[in-house]
Amino acid sequence: MTDHAATDPGTQSQGLKSLVADWSTDQEAFKRVHWGKAMMWIFLLSDTFIFSCFLTSYMTVRSSTTLPWPDTSEVFALTIAGHKIPMILIAIMTFVLISSSGTMALAVNYGYRRDRRTTALLMGATALFGVTFVSMQAFEWTKLILEGVRPWGNPWGAPQFGSCFFMITGFHGMHVSIGVIYLTTIAIKVFRGDFERKGNYEVVEIAGLYWHFVDLVWVFIFAFFYLW
Amino acid sequence: MEHEAVHPGVQPVLAPPSPDTKHGQQHPLGIYFVIWALLFVLSTFSFLVDYFHFEGFQRWALIVIFMWLKAGLIVAIFMHMRWERLALKYAILIPPLLLAVLVALMSIESNYTYWTRVIFFGVLGGPPG
């Protein structure tokens with residue numbers, strides 16, 4: 001720390017120089033970043049590794065089995081008004097989760113405007129989308145279990161299909177459920193005005209990061225598990 | 001990068017950096033609606049890949065392209081990574097690249113398992129149990 005330019009947030013230069021300067025100071029690496037936000041990012045990074053382990057093990061069992069993998073397009077088809085539409089429930093779930101991410105992004109923005117009512121309402125809407133998503137997932141699980149899918153076997157092919165399905169979507173669904181509780185808690189606190197004293201609405205953004213991450217994981221599950 | 005332009009005034013050298021909440025990640029609302037719409041469009045595209053039964057390399061490529069575009073939009077705009085400092089960007093975005101090593105290793109391993117099964121159980125027999 002030869003001169004104070006490295007620690008003074010006001011005179012930071014951008015680019016690689018700032019990266020080196022930030023990491024080489026002995027105070028803190030993430031300057032002008034709320035500590036809670038930095039910690040949430042680091043938690044999400046660790047969560048990335050957990051989900052990646054699930055998806056990688058799914059890849060491993062799928063590419064090492066000699067039995068045909070069940071055709072997900074058929075497995076997740078629904079018959080609506082006499083028409084069999086492939087993957088329709090998963091598509092609706094995807095749109096619901098994306099919409100929840102949209103309302104969450106707006107909530108963060110209104111939070112920084114200190115519009116408590118709108119922020120809380122948008123967060124409530126996000127949580128409702130989350131509940132809708134989990135309900136549809138419960139429906140999907142029920143349907144598959146009734147059709148005979150078990151973690152050790154299923155009527156259509158490779159027995160590993162069931163364990164991958166329940167493990168990956170179950171863990172993701174658990175994340176969504178925890179997110180709903182988390183968002184509801186923060187929304188109530190925002191509405192009550194708990195954050196007014198410090199005027200610090202970073203909490204909304206931090207909760208938002210978690211929620212967007214849940215959406216992000218779904219993007220990968222949707223691509224690798226359902227569409228592949 | 002509008003909030004980068006607004007620097008706190010001259011600070012005493014030893015003063016802790018202020019939380020700077022007033023300027024934290026404040027962007028016009030329009031961009032969120034644009035990204036929201038784009039995510040809908042990209043999801044529809046990936047759904048149509050399945051609906052129109054694209055197969056083989058085409059299917060594989062389209063799914064992965066749409067997936068990365070969606071992931072990029074969510075991380076960059078919704079999670080505000082685009083506006084974060086480089087120190088945070090690198091700390092979060094570089095480590096996941098290591099996963100490519102895990103994927104490569106497990107891919108080799110599963111190939112080995114597959115051929116072991118084919119040779120010892122026969123293709124049609126499958127693994128016992």
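In the predicted model, A107(A) touches T119(A), L122(A), M123(A), T126(A), V204(A) and G208(A), residues up to four places away in sequence being left out; contact requires C-beta atoms, placed from the backbone, to lie within 7 Å. Residues are numbered from 1 along each chain as its sequence is written, with chains lettered from A and ligands numbered from 1 in the order of writing. As the model is predicted, local features need pLDDT of at least 70 and side-chain atom pairs count only at pLDDT 80 or more, whereas totals for chains, interfaces and linings use all residues.

A107(A) is, with M123(A), L183(A) and F222(A), among the residues with the most contacts inside the largest nonpolar core, which has 73 residues. Such a core is a set of buried Ala, Val, Leu, Ile, Met, Phe, Trp, Tyr and Cys residues joined through C-beta atoms within 7 Å, and a buried residue has 20 or more other C-beta atoms within 10 Å of its own. Elements giving two or more residues to this core include α2, α3 and α4 of chain B. Its largest share, 18 residues, comes from α7(A).

Chain B comprises five helices and zero strands, helices being DSSP runs (H or I) of at least four residues and strands runs (E) of at least two. Of its 129 residues, 18% are buried.

Between the chains, 55 residues of chain B are in contact with 56 residues of chain A. On the chain B side, α5(B) supplies the largest share, 12 residues.

Technical notes
Two residues are in contact if their C-beta atoms, placed from the backbone, lie within 7 Å. A residue is buried if 20 or more other C-beta atoms lie within 10 Å of its own, exposed if 12 or fewer, and partly exposed in between; C-beta atoms are placed from the backbone.
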